[in-house]
Amino acid sequence: MDQSRNSDAVVSLGWHRRACSVCRHERCEEIEGAFVGWRSPAVIAEEYGLADRATLYRRAHALGLFEKRRRNIRADLKSTRLNS
């Protein structure tokens, strides 16, 4: 049996929000902003008292934060080239 994770799998957001320690964290928006802003997931997890970086990755996969993160770096790179 193949136990590999399907990155295209649909996540139940209701279940995710009940189980996710980031969703329930009082500083959830700061955590998400740090991730989207390309801070180290391990450092974010330590700073906000999360179990580990996998906690943050689960949220990122469930809520599509990787795409936001990619757009964020593209915008920064584009801005850097325009200002050079």
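**Ground rules.** I'm working from a predicted model, so local features need pLDDT of at least 70, side-chain atom pairs count only at pLDDT 80 or more, and totals for chains, interfaces and linings use all residues. Residues are numbered from 1 along each chain as its sequence is written, and side-chain values use heavy atoms, with hydrogens and water left out.

**Whole chain.** I looked up the secondary structure and got five helices and zero strands (DSSP runs numbered from the N terminus: helices are H or I, at least four residues; strands are E, at least two). From the N terminus the order reads α-α-α-α-α. Of the 84 residues, 25% are buried (under 20% relative accessible area; exposed is over 50%, partly exposed in between; 1.4 Å probe, protein chains only). I also checked contacts (heavy atoms within 4.5 Å): of those between residues at least 6 apart in sequence, 54% join residues at least 24 apart.

**Ser21.** I found Ser21 in the loop between α1 (13-19) and α2 (28-36). Ser21 counts as partly exposed because its relative accessibility is 28%. Leaving aside neighbours within four places in sequence, Ser21 touches Leu50 and Thr55.

**Arg59.** Is Arg59 buried or exposed? Arg59 is buried, with a relative accessible area of 5%. I place Arg59 in helix α4 (residues 53-63). Beyond neighbours within four places in sequence, the contacts of Arg59 include His16, Cys20, Cys23 and Glu32.

**The pair.** Ser21 and Arg59 are 38 residues apart along the chain, and their C-alpha atoms are separated by 9.0 Å.
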